[in-house]
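This report describes the strand pairing, the helix packing and selected residues of one model. The sequence and structure are shown first.

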Amino acid sequence: MTTKPTILFVCVHNAGRSQMAAGYAQALGGDRVEVLSAGSEPKDQINPVAIQAMAEDGIDIAGNQPKILTTDAVREADAVITMGCGDACPIFPGKRYEDWELTDPAGRGIDDVRPIRDDIKRRVQTLLAELLPAEVTA
């Protein structure tokens, strides 16, 4: 891949899982990746417990806003990572698709969200290691 990869993280509400994944991808990938996130039925704000969990790991997602999933966002992406959005995500040939089975943090307390956050971090690290050249992954 000669240009920097674009990763799109999608969950239903774009208020928890996809926002945490995007936060990690941006923090860990830096300017080597473009990061997008969206939801098939976005909420009006980010889950405050997801914000808290990410802040504990030094990543601020408080200023993010849930966005609606668009066909253009999928078209732009090299990798599309879905998290429980089912068939709402359009499929384009030649793109990398992964479905991450993750518990929805909605309505859960911080003690339940931390393991979800940690699982997302591990998955994002693996994804970045696969998408980015070895000499630039940290």
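How many bridges join S3 to strand S4 (residues 96–99)? Four bridges join them, and the two strands run parallel.

## Basis of the description

The model is predicted, with local features requiring pLDDT of at least 70 and side-chain atom pairs counting only at pLDDT 80 or more, while totals for chains, interfaces and linings use all residues. Residues are numbered from 1 along each chain as its sequence is written, and side-chain values use heavy atoms, with hydrogens and water left out.

Helices (H or I, at least four residues) and strands (E, at least two) are DSSP runs, numbered from the N terminus. Strands are said to pair if DSSP finds at least two bridges between them.

## The parallel sheet

The four strands form an open sheet in the order S2-S1-S3-S4, with parallel pairing. Strand S2 (34–39) and S4 are the edge strands, each pairing on one side only. On average, neighbouring strands of this sheet are turned by 15 degrees against each other, direction ignored; the axes here are lines fitted to C-alpha atoms, for helices over the stretch in contact, and angles between N-to-C directions run from 0 to 180 degrees.

S1 and S2 pair in the parallel sense over six bridges, and isoleucine 7 has valine 35 in S2 as its bridge partner. Strand S1 (residues 6–11) is also joined to S3 by five bridges, again in parallel; here valine 10 is partnered by threonine 82 in S3. Towards S4, alanine 79 has arginine 96 as its bridge partner.

## Burial of strand S3

Strand S3 (residues 79–83) is largely enclosed by the rest of the structure, because five of its five residues are buried. Buried means under 20% relative accessible area, exposed over 50%, and partly exposed in between (1.4 Å probe, protein chains only). Both faces of S3 are covered, with Ala79, Ile81 and Met83 buried on one side and Val80 and Thr82 on the other.

## Packing of H1 against H4

Two packed helices are described by the angle between their axes and the distance between the axes. The axes of helix H1 (residues 17–29) and helix H4 (residues 110–131) come within 9 Å and cross at roughly 45 degrees. H1 is therefore oblique to H4, given that angles under 35 degrees count as roughly parallel, over 145 as roughly antiparallel, 65 to 115 as roughly perpendicular and the rest as oblique.

Residues of H1 in this contact (heavy atoms within 4.5 Å) include Met20, Tyr24, Ala25 and Leu28, and those of H4 include Val113, Ile120, Val124 and Leu128.

Alanine 25 lies in helix H1 and counts as buried because its relative accessibility is 0%. Leaving aside neighbours within four places in sequence, alanine 25 is in contact with Phe9, Gly30, Val33, Val35, Val124 and Leu128.

## Two loop residues

Asparagine 14 is found in the loop between S1 and H1. Its phi is near 50 degrees, a positive value in a residue other than glycine. With 0% relative accessibility, asparagine 14 counts as buried.

Threonine 103 is located in the loop between S4 and H4 and is partly exposed, with a relative accessible area of 41%. Not counting residues up to four places away in sequence, threonine 103 touches Arg17, Arg108 and Ile116. Threonine 103 and aspartate 119 are 16 residues apart in sequence and 9.9 Å apart in space, C-alpha to C-alpha.
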